Amino acid sequence: MPEAMTKPSVDMEALSKKKPEETSFAELGISEALCEACEKLNFKHPTEIQKESIPWALEGRDIIGLAQTGSGKTAAFALPIIQRLWDNPQAFFACVMAPTRELAYQIAETFEALGSVIGVRCAVIVGGMDMMTQAIALSKRPHILVCTPGRLQDHLENTKGFSLRTLKYLVMDEADRLLDLDFGPKIDQILKVIPRERNTFLFSATMTTKVAKLQRASLSKPVKVEVATKYSTVKTLLQYYLFFPLKHKDCYMVYLLNELAGNSTIIFTRTCNDTQKIAIMLRNLGFAAIPLHGQLAQAKRLGALNKFKAGTRNILVATDVASRGLDIPMVDVVINYDVPQSSKDYIHRVGRTARAGRSGKSLTFVTQYDVELIQRIEKDLERKLDGYPVEKDQVMMLQERVSEAQRIATLELKERGGARGNSKRGRGADNDDDDQDLEEKKDNGQKKRFNNKKRR
Ligand code: AMP
């Protein structure tokens, strides 16, 4: 519960007795035009985190929000910022820091969708994109900056005429992740050059000691809003495990993908190489799979995500890069090809499905080497996962085809020089065309061979 200091003008006591589905955005103090913007996005009622935090944010309080992925936390900070921007339009009004580039783009999309009524202008400032193009975007003086801390710090130091001296709002999203990724020192430097007189919102899925320290250093008398327990997953998520020997992993995966054909699925793996190899293998078996991992150039990563979002590919094979904060609507199934290393990662991965009240399934592959790891996760979740029913004979019937597809994928990966696509033919990470290659291979092997010859 929020610690009361100044009470918001909204009657919080009456509000706390109501369920989110009995509440309207107007009751939280949101203006009529923004209520309409919410309606357009089909936000009929505020979510729990929105209901608990928006009145305090509008009252000018700092917020520390502990909310799980999919809880609607982006709109929880975007709505009050847009409303205040409306009252007092100015450039560089708010800055949102996010741990990954993809999440930054997604946050900017939410700001633009909700703020279209007042023509909110956003700039996304992330690594992997051209500094000069970003400097031009900054010179156009946007209202909202969404950035990863490293690149923002770079511009603050090196881009002439750019400063955040007029900033009114700072948001640190996925703060636990920002700190896990060692953005701490960069954030400290940024905090030194922005006004103390500002509002700060810090959102995090979990409260770690590092987050608590950041909170003490950067927020003033925050209202703490918590809508999730430490390790919780939503009720509409069905969580299963499958136990089998390591050597049959790919067979089980292909069996499941056949069983679940037509569902949008994310397969999480541990390494970039596995991601790439599985995507190639699945393509060879006729599945519409696309890889997403940290070694792909930024444009490729966004391209993969967009194809998946648009539905032209219904299987995304990803490393944990994709498990945090990304809002990929309508994911039906999450497959943990490898058991995640920590319960936190598990929550983030399976949080890609069963979002915003929808139902979803997660399937975690457990081999003889993963028993301890999965038991630890079950202990943290305080629940046992259910076994997923499979016809073993049917799985084994796939063995021959899967082995052949594995063999081809290994060869292809070797040929292209690993996940980055840095083959001996000198193709760098920034201009690789892995995805086109995958398509070509599936559709027309001969054309591919011709292209290879040309490249040589
Ligand atoms: P987030 O936790 O911010 O990533 O949001 C998760 C998903 O919930 C996104 O697809 C949002 O568009 C959606 N969402 C946010 N707020 C609401 C709401 N009040 N009603 C319905 N959907 C929402």
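A salt bridge is a side-chain nitrogen of Lys or Arg within 4 Å of a carboxyl oxygen of Asp or Glu. Welcome to this predicted model, where that rule gives a count of 10 salt bridges. As background, side chains of opposite charge can pair when their charged atoms come close. Here is a short tour of some of these pairs.

**A pair of sequence neighbours**
- Lysine 51 and glutamate 52 join their side chains in a salt bridge, with 3.4 Å from N to O.
- Lysine 51 is buried, and glutamate 52 is buried too.

**A link between two helices**
- The side chain of arginine 301 forms a salt bridge with that of glutamate 102, at 2.7 Å from N to O.
- Because arginine 301 sits in helix H13 (residues 298-310) and glutamate 102 in helix H5 (residues 101-115), this pair ties together parts that are 199 residues apart in sequence.
- Arginine 301 has a relative accessibility of 7%, so it counts as buried.
- Glutamate 102 also counts as buried, because its relative accessibility is 2%.

- Lysine 384 and glutamate 378 meet through their side chains in a salt bridge, with 3.3 Å from N to O.
- On one side of the pair, lysine 384 has a relative accessible area of 60%, so this residue is exposed.

**A network**
- Salt bridges can also be followed through a network here, which links Lys73, Asp173 and Glu174.

How values were computed
Residues are numbered from 1 along each chain as its sequence is written. This is a predicted model: local features need pLDDT of at least 70, side-chain atom pairs count only at pLDDT 80 or more; totals for chains, interfaces and linings use all residues. Side-chain values use heavy atoms; hydrogens and water are left out. Buried means under 20% relative accessible area, exposed over 50%, partly exposed in between (1.4 Å probe, protein chains only). Helices (H or I, at least four residues) and strands (E, at least two) are DSSP runs, numbered from the N terminus.
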